[in-house]
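Reader: Please take a close look at the aromatic rings of this model and at the charged side chains that accompany them. A connected account would be welcome.

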Amino acid sequence: MWPENPIRFCPHCGQSLDHPKSLVNLFWTATTDVYFCWCYHCHWRGEITPVERVESAEVVEEGSMAMPGLAPSSPYLH
Amino acid sequence: MLSQERNQLLTQVGPGTPMGQLLRRYWMPVAIASELTPTQPTKRVRVLGEDLVLFRDRAGRLGLIGERCPHRGVSLEYGIPDPKGLRCPYHGWLFDRAGRCLDQPCEPPDSTFKHRIRMAAYPVQELGGLIFAYLGPEPAPELPRWDLLVQQGVIRTIGWCVVPANWLQIMENSLDPIHFEWLHGRYFEWVFEQQGVRPERWTLSKHHQKIGFDLFEYGIVKRRVLVGQTEEDDDWRIGHPVVFPNMLRVGDAALHTFQIRVPMDDTHTYHLWYSCFVPDPGVEIPPDYPIVAYENPIWEADGKRFVVDYIDGQDMMCWVTQGPVADRTTEHLGTTDKGIILYRQLLLQEMAKVERGEDPMCVFRTPHERIDLPQEHSRYRDGGQLSKVARVWSTKYAPNLEEILQLVHGREDTAMLL
Ligand code: FES
Ligand SMILES: [Fe+2]
Ligand SMILES: [Zn+2]
């Protein structure tokens with residue numbers, strides 16, 4: 001069933017997304033509920049996903065230099 | 001999944017509804033021109049929740065007026081054509097194309113009663129073998145001259161069907177590219193198995209590796225990459241469009257088609273399959289070959305089972321079994337359904353334009369010769385694939401299909417998948 005009050009306000013303009021002419025369309029990926037939203041008031045469009053469990057999408061490989069903002073020669077890297 | 005309120009907003013098309021107001025900005029085909037003949041010059045038409053009668057008067061002009069005579073409500077479908085319009089069969093009142101009453105033969109000759117009678121009347125125009133009506137606010141925009149409606153040197157057929165389902169689920173089918181590999185691929189293979197038929201190879205089951213959707217000037221372009229293909233193939237590089245709001249364009253080098261979905265009311269859709277057969281290079285076709293119309297069946301003779309041994313019958317089985325209005329409060333959309341979501345968003349976006357007093361997408365105000373749409377040539381790396389399946393899709397029911405195939409190939413047709 002359609003969940004009650006899933007996403008209520010536009011993250012961009014703060015107006016109500018309950019307006020029926022705004023779009024709040026729920027779909028699923030393997031692990032998450034995703035709300036595709038389009039705001040009638042400001043036309044902002046985006047996807048909103050409740051975070052059930054905090055996970056890192058990509059694990060930095062061991063020995064990797066790929067840390068943003070840190071040069072390979074940085075003294076902070078061991 | 002949508003709220004009930006949003007499902008209603010997107011599916012209700014009657015006068016006064018927001019979707020009805022958006023759809024009334026467009027010329028809608030309401031008949032195939034050849035349906036109106038000297039002996040049958042009227043057609044009862046239901047469009048966007050209104051009951052109307054289309055007619056050709058004795059001067060050859062088209063009109064579209066309210067179905068019921070304002071006198072005592074008899075259907076003007078049985079009207080008598082007149083040089084100035086259409087007469088009611090019951091007491092002879094005469095109506096013109098503007099919905100005025102010109103004559104009430106049984107009222108006193110000096111009566112002005114007729115001037116007080118007015119009925120609904122809408123502009124109509126004929127193009128490419130179809131009759132289009134405009135039910136929206138004046139001034140009417142230009143009738144779009146989409147390429148196939150005006151294309152020279154092709155042979156046309158027009159299939160039609162009244163589908164007992166809401167228009168939106170039919171359109172959403174066109175934003176769902178992967179149904180092709182299942183419904184027209186694997187499911188068709190199952191139908192063949194049930195029938196004891198063995199097609200040599202059934203390319204429609206090819207697996208989708210990637211699908212994509214892009215907004216363009218006239219709607220949404222759909223793209224696909226099938227197993228063994230790259231983004232250089234036509235299926236991705238060119239793609240084919242859903243023309244806003246209610247038309248699918250699909251085809252290849254040999255066959256160019258529109259599927260047009262006209263909402264009749266919330267639970268019925270007038271569906272047209274407009275097909276243009278392209279002759280092989282160097283083949284001359286007769287210049288005045290007629291446009292043949294035919295009905296596409298939904299039901300087997302028993303009236304219970306769907307006709308599922310042709311592509312469009314399979315689609316109709318899906319549209320109709322979703323229910324008269326698909327319940328989107330219980331659907332479970334996955335990642336392959338994002339085209340459907342994009343289309344819903346586009347509908348709301350264009351609806352908002354109408355509310356602001358602007359013209360929505362695909363309303364044209366300037367006269368034009370022709371509007372070209374993207375056209376794939378080799379779909380599924382199979383060249384003129386669609387004409388190879390002409391015997392198992394809508395055109396299967398064109399009574400002159402074999403003759404057309406012979407004419408466009410300039411020889412006996414052998415290159416069929418079946
Ligand atoms: S798998 Fe899509 S409707 Fe059943
Ligand atoms: Fe289909
Ligand atoms: Zn907003």
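Author: The charged end of B:Arg186 sits over the ring of B:Trp182, 4.9 Å from the ring centre; a charge sits over a ring if NZ of Lys or CZ of Arg is within 6 Å of the ring centre and within 35 degrees of the ring normal. B:Lys210 likewise lies over the face of B:Trp236, at 4.5 Å from the ring centre. This is a predicted model, in which local features need pLDDT of at least 70, side-chain atom pairs count only at pLDDT 80 or more, and totals for chains, interfaces and linings use all residues. Residues are numbered from 1 along each chain as its sequence is written, chains are lettered from A and ligands numbered from 1 in the order in which they are written, and side-chain values use heavy atoms, without hydrogens and water.

Over all chains, the structure holds 13 aromatic pairs; rings of Phe, Tyr and Trp (its six-membered ring) pair if their centres lie within 6.5 Å, and planes under 30 degrees apart count as stacked, over 60 as edge-to-face and the rest as tilted. One of them, formed by B:Phe188 and B:Trp202, is edge-to-face, with 5.0 Å centre to centre and 70° between the planes. This pair links distant parts of the chain, 14 residues apart: B:Phe188 belongs to helix H5 (residues 179-195) of chain B, and B:Trp202 to the loop between H5 and strand E13 (208-216) of chain B. Helices (H or I, at least four residues) and strands (E, at least two) are DSSP runs, numbered from the N terminus. Both B:Phe188 and B:Trp202 are buried, that is, under 20% relative accessible area, with exposed over 50% and partly exposed in between (1.4 Å probe, protein chains only). The pair of B:Phe258 and B:Tyr274 is tilted, because the ring centres are 6.3 Å apart and the planes are at 35°.
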